Amino acid sequence: MTAMPTGRSLPRSKQRPSLPVIVNGDINTIDDADTALADSGADGLMIGRGAYGRPWFPQQVVHYFRTGQRLADPSLAEQYATVRAHFEAMLAHYGTETGVRMARKHLGWYSKGIPASADFRAAVNRESDADKVRNLLAGFFLPALERQAA
Ligand SMILES: Cc1cc2nc3c(=O)[nH]c(=O)nc-3n(C[C@H](O)[C@H](O)[C@H](O)COP(=O)(O)O)c2cc1C
């Protein structure tokens with residue numbers, strides 16, 4: 001690591017063209033991403049919390065910058081398939097007991113914006129049994145899918 005010469009301020013990051021600059025923080029929509037890149041002049045961006053419960057969001061941003069088109073969110077059926085796969089992957093990775101606990105916040109994030117999500121979150125947060133969580137997921141998503149089809 002090279003020390004900065006004393007008495008000199010650090011160069012502004014974009015005055016060092018060999019160093020890629022990444023912007024991040026509160027990028028939760030495509031418009032946020034657009035504005036962050038335009039305002040900062042950064043070379044790229046990172047998304048953190050904006051992908052909670054929406055793992056498809058980074059791909060929507062990539063697609064937008066490549067094509068100018070805004071991809072719709074996945075259908076509710078696809079979201080249900082994604083949350084189930086995420087839950088099973090967490091159980092496989094962490095083991096059932098820890099996995100169920102670690103998955104709670106993610107299941108809550110996936111449920112945002114769907115009717116009765118507060119009740120669903122409260123029930124999931126009390127449940128330690130993986131099969132019962134699977135039932136809670138079905139009891140939450142399947143009626144929402146039926147309502148959508150009606
Ligand atoms: C799950 C998660 C883990 C993070 N871990 C770190 C970390 O290890 N070190 C760090 O400097 N920032 C970490 N951050 C902060 C992010 O780099 C970023 O500054 C912050 O999340 C703001 O971006 P966001 O609004 O897109 O989430 C983490 C953020 C999240 C969501």
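## Helices α4 and α5

Helix α4 (residues 96–111) and helix α5 (residues 117–126) have axes that come within 9 Å and cross at roughly 170 degrees. Because of that angle, α4 is roughly antiparallel to α5 (the term covers angles over 145 degrees). Axes here are lines fitted to C-alpha atoms over the stretch in contact, with angles from 0 to 180 degrees between N-to-C directions. Helices are DSSP runs (H or I) of at least four residues, numbered from the N terminus.

On the α4 side, the contact (heavy atoms within 4.5 Å) is made by Arg104, Leu107, Gly108 and Ser111. Residues of α5 that take part include Phe120, Arg121 and Val124.

## Helices α3 and α4

Now to α3 (residues 76–94), which packs against α4 at an angle of about 155 degrees, with the axes 7 Å apart. That makes α3 roughly antiparallel to α4. Among the contacting residues are Phe87, Met90 and Leu91 of α3, and Val100, Met102 and Leu107 of α4.

## Around the ligand

Which residues surround the ligand? They are Asn24, Gly25, Asp26, Ile47, Gly48, Arg49 and Tyr52 (each with a heavy atom within 4 Å).

Oxygen atoms of the ligand lie 3.0 Å from a polar side-chain atom of Asn24 and 2.7 Å from one of Arg49. For Asp26, a polar backbone atom is 2.5 Å from a ligand oxygen.

## About the model

This is a predicted model, where local features need pLDDT of at least 70, side-chain atom pairs need pLDDT 80 or more, and totals for chains, interfaces and linings use all residues. Residues are numbered from 1 along each chain as its sequence is written, and side-chain values use heavy atoms, leaving out hydrogens and water.

Conventions: Helix = DSSP H or I, 4+ residues; strand = E, 2+ residues; numbered from the N terminus. Parallel < 35°, antiparallel > 145°, perpendicular 65-115°, else oblique. Polar contact = N/O pair within 3.5 Å; in protein donor to acceptor, adjacent residues only side chain to side chain.
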